[in-house]
Amino acid sequence: MRYVDEFRDPELGRALAGEILAAVEPGRHYKIMEVCGGHTHSIYKYGVDDLLPANVELVHGPGCPVCVMPMGRVDDGIAIAARPEVIFTCFGDMLRIPGSDGTLLDAKAEGADVRMVYSPLDALRIAKQNPDRDVVFFAIGFETTAPSTALTMRRARMEGVENFFCMCNHVTIVPPLRALLDSPDLRLDGFIGPGHVSTVVGARPFEFIPADYGKPLVVAGFEPLDLLQSIHMILRQLAEGRCEIENQYKRVVPYEGNLRALEVMSEVFELRPHFEWRGLGFISQSALKLSDAYADLDAERRYSVPGVRVADPKACQCGEVLKGVIKPWECKVFGTACTPEHAIGTCMVSPEGACAAYYNYGRFAREREVV
Amino acid sequence: MADQATVSDREQRILGIIETARAKRPKFKDAQITMAHGAGGKATQTLIEGLFVPAFGSGALEAMGDAGAVSVDGARLALTTDSFVVKPIRFPGGSIGELAVNGTVNDLAMAGARPVALSLSLILEEGLPADDLRAEVEAIASAAAAAKVEIAAGDTKVVERGHADSMYICTTGVGHFDARAELAPSALRPGDRILVSGRIGDHGTAIMLARGEFELGAEIESDTRSLWPAADALLEAAGPSLRCMRDATRGGVASVLNELARASTAAIVVREGDVPIDPAVAGASEILGIDPMYVANEGKLVAFVAPDAADAALAALQAVPGCEDAAEIGEVKTEPPGMVLVETAFGGKRVMDQLVGDPLPRIC
């Protein structure tokens with residue numbers, strides 16, 4: 001595939017791995033967080049971590065929008081999906097995220113009309129094809145997917161589609177990063193910045209990380225060479241005593257972001273005063289809801305939902321895992337009460353979460369260290 | 001230092017707990033059936049090992065092969081059954097009728113049995129156009145003729161509109177165990193080579209695109225075909241050096257490899273760059289966020305061959321019509337037992353795990 005294979009060249013990968021090895025200080029342990037779930041996925045898919053020296057550790061951050069969805073929100077979604085007049089639409093990977101009593105897939109098995117879509121426009125099309133049903137789109141994602149939801153809502157309004165509603169769960173990336181950085185026990189040396197989010201918001205919103213917290217951040221692309229190069233850029237900053245924002249993903253990310261996308265978002269959404277994150281708790285101004293101008297398309301205002309806050313289980317230590325304070329296996333419930341089949345915390349929910357990965361691949365990782 | 005030692009002791013103990021839990025026969029505890037139970041991954045395995053096998057307690061089922069062995073008056077016969085519920089019933093490269101014949105024929109062939117006869121059950125939805133049925137009957141007849149099997153028994157049921165999606169088909173097949181075959185999943189040995197009979201992921205991708213859920217215009221056809229000619233060629237070329245064969249249907253090549261790694265407690269290492277794949281399938285998978293290793297095939301087998309016969313087996317396979325792209329994709333090793341590892345084309349290594357349910361596209 002052109003424009004893709006060039007960024008997956010194994011020769012260049014080996015060369016970059018050599019440069020990374022040369023950039024690390026022997027005896028120093030580096031912890032670098034990749035903020036975005038898409039990066040975590042690429043790291044596993046291509047085995048990028050396998051090419052890093054043993055003293056460079058990647059920590060999976062809070063940037064997987066399905067993993068951070070709290071149980072109460074899933075419960076609310078299921079309550080809406082269970083209404084007979086509703087066709088409930090959402091992205092595929094949301095279907096398996098557990099609420100307090102099962103997943104959307106379970107609700108589907110119990111008779112709810114739950115359909116997987118690839119884009120909010122697919123959901124709008126379903127609404128037009130089923131004028132006698134209410135079609136609800138369960139919107140999730142960071143600033144990456146929020147513009148497409150916003151454009152779809154605008155189109156629904158323009159076309160006068162009256163049976164299309166949105167349950168908005170869009171979240172924003174900066175507040176959880178700030179929450180992590182404010183934590184006194186944080187043990188991170190630098191950040192691989194979220195490339196997709198940055199195509200929308202630009203690199204500027206991350207300036208506070210080097211400025212206020214003294215940690216370098218490199219906005220990175222999603223191909224394996226992008227990731228290796230970004231890790232190298234972070235290590236170089238650390239070696240040279242620099243601390244700044246760098247943009248490795250210049251071919252896609254403009255420093256100022258995408259102004260048209262930001263404009264449609266500000267028309268359709270407004271900030272929620274606070275939102276709960278699985279594993280991280282309540283974070284103020286960290287999520288979006290439909291603005292008053294779109295109130296009539298807001299599923300949360302149309303249906304009464306339980307709106308019950310379901311607390312993360314007390315024993316769950318996802319917060320500490322996310323901050324890099326403890327390793328997955330040091331959590332009290334890891335591998336016993338919390339397993340991939342019956343996940344308690346956000347890090348076990350998605351197969352790419354730090355705990356699920358360790359559960360599945362821990363033995364393999366251990367063997368690699370011995371080698 | 002003392003601290004370090006205690007920490008790693010604890011880590012070892014926790015990893016030990018996980019391994020014990022994973023090695024246990026899974027218990028079926030779900031309150032209801034979900035689509036995941038039919039997807040061929042962990043949930044399906046729980047259903048089979050946790051409910052069916054204990055209930056029926058039959059030796060043939062315990063072996064967990066594609067086909068069971070039954071002795072009738074001294075003759076050993078292979079018996080298998082399969083249901084087909086594909087939607088849409090016609091898709092580029094094939095149709096439900098063709099699948100119903102080839103799917104069952106292939107389960108026999110993978111057990112090293114020459115397919116002899118099939119039974120055919122049709123469950124038809126009220127209102128199904130007669131022409132659609134006629135077309136499927138013709139497809140069944142020509143696939144059966146091509147695979148040289150006789151349709152020896154049949155049944156028809158009609159259910160009310162809305163109770164079946166156009167039509168469902170169930171076929172049961174009987175085969176004759178080939179004298180050259182000494183196949184068993186437990187027969188894998190370190191050093192064995194892994195062959196695949198052609199480009200992977202065509203069928204699943206063709207079906208996904210035929211459902212019209214995404215606007216991707218790619219010409220990808222299902223690979224449905226009888227695998228007996230391929231099995232026959234492998235048996236002839238490798239004889240007892242052919243350890244085991246599986247057709248990589250639901251759950252794809254990844255699921256077959258995981259099943260066999262578990263059954264043989266060997267490690268399987270796959271070289272991603274050597275796996276043959278149609279560029280259109282690779283492109284569609286890239287866009288949809290799906291790994292083609294988990295996508296269904298209906299005419300591709302994975303074979304394990306002892307190293308001395310591997311080259312001859314591959315050459316024999318490539319000479320079979322439809323298997324020209326066959327390739328060697330990996331090797332059996334000892335460590336880590338029961339796991340499948342992938343050497344990525346990029347040069348890294350990772351675990352290729354069993355699916356939990358259907359492969360779901362990722363959003364981020």
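**Entry 1**

For the complex I noted an ipTM of 0.79 and a pTM of 0.85 from the predictor.

This is a predicted model, in which local features need pLDDT of at least 70 and side-chain atom pairs count only at pLDDT 80 or more, while totals for chains, interfaces and linings use all residues. Residues are numbered from 1 along each chain as its sequence is written, and chains are lettered from A and ligands numbered from 1 in the order in which they are written.

**Entry 1. Where A and B meet**

I looked up the contact between the chains: 45 residues come from chain A and 35 residues from chain B. On the chain B side, α1 (2-23), α9 (279-288) and β14 (349-351) each supply at least two residues. Helices (H or I, at least four residues) and strands (E, at least two) are DSSP runs, numbered from the N terminus. α1(B) gives the most, with 5 residues. I sorted the side of chain B that touches chain A into 20 nonpolar, 7 polar and 8 charged residues. Here Ala, Val, Leu, Ile, Met, Phe, Trp, Tyr, Cys and Pro count as nonpolar, Asp, Glu, Lys and Arg as charged, and the others, Gly among them, as polar.

I then checked Gln32(B), in the loop between α1 and α2 (42-56) of chain B. Gln32(B) is exposed because 9 other C-beta atoms lie within 10 Å. The cut-offs are 20 or more other C-beta atoms within 10 Å for buried, 12 or fewer for exposed, and partly exposed in between, with C-beta atoms placed from the backbone. Leaving aside neighbours within four places in sequence, Gln32(B) is in contact with Ala109(A) and Glu110(A).

**Entry 2. Domains**

I took domain bounds from an automatic or database domain assignment. Chain A has domain 1 (5-63 + 182-247), domain 2 (71-173 + 257-302) and domain 3 (318-370). The centres of domain 1 and domain 3 of chain A, taken over C-alpha atoms, are 21 Å apart. Their contact takes 15 residues from domain 1 of chain A and 9 residues from domain 3 of chain A. α2 (37-46) and β2 (56-63) of chain A are the elements that give two or more residues to the domain 1 side.

For chain B the assignment gives domain 1 (23-59), domain 2 (67-177) and domain 3 (185-351).

**Entry 3. Strand β7(A)**

I found both faces of β7 (residues 190-193) of chain A covered: Gly190(A) and Ile192(A) on one side, Phe191(A) and Gly193(A) on the other, are all buried. β7(A) pairs with β1 (residues 30-36) of chain A in the parallel sense over 3 bridges; strands pair if DSSP finds at least two bridges between them. Gly190(A) is the bridge partner of Ile32(A). β8 (residues 217-219) of chain A also runs parallel to β7(A), joined by 3 bridges, with Val218(A) opposite Ile192(A).

**Entry 4. Nonpolar core**

I looked up the largest nonpolar core, which has 221 residues. Such a core is a set of buried Ala, Val, Leu, Ile, Met, Phe, Trp, Tyr and Cys residues joined through C-beta atoms within 7 Å. Leu234(B), Ile268(B) and Ala313(B) have the most contacts inside it. Not counting residues up to four places away in sequence, Ala313(B) touches residues including Leu195(B), Leu234(B) and Val305(B).

Definitions and conventions
Two residues are in contact if their C-beta atoms, placed from the backbone, lie within 7 Å.
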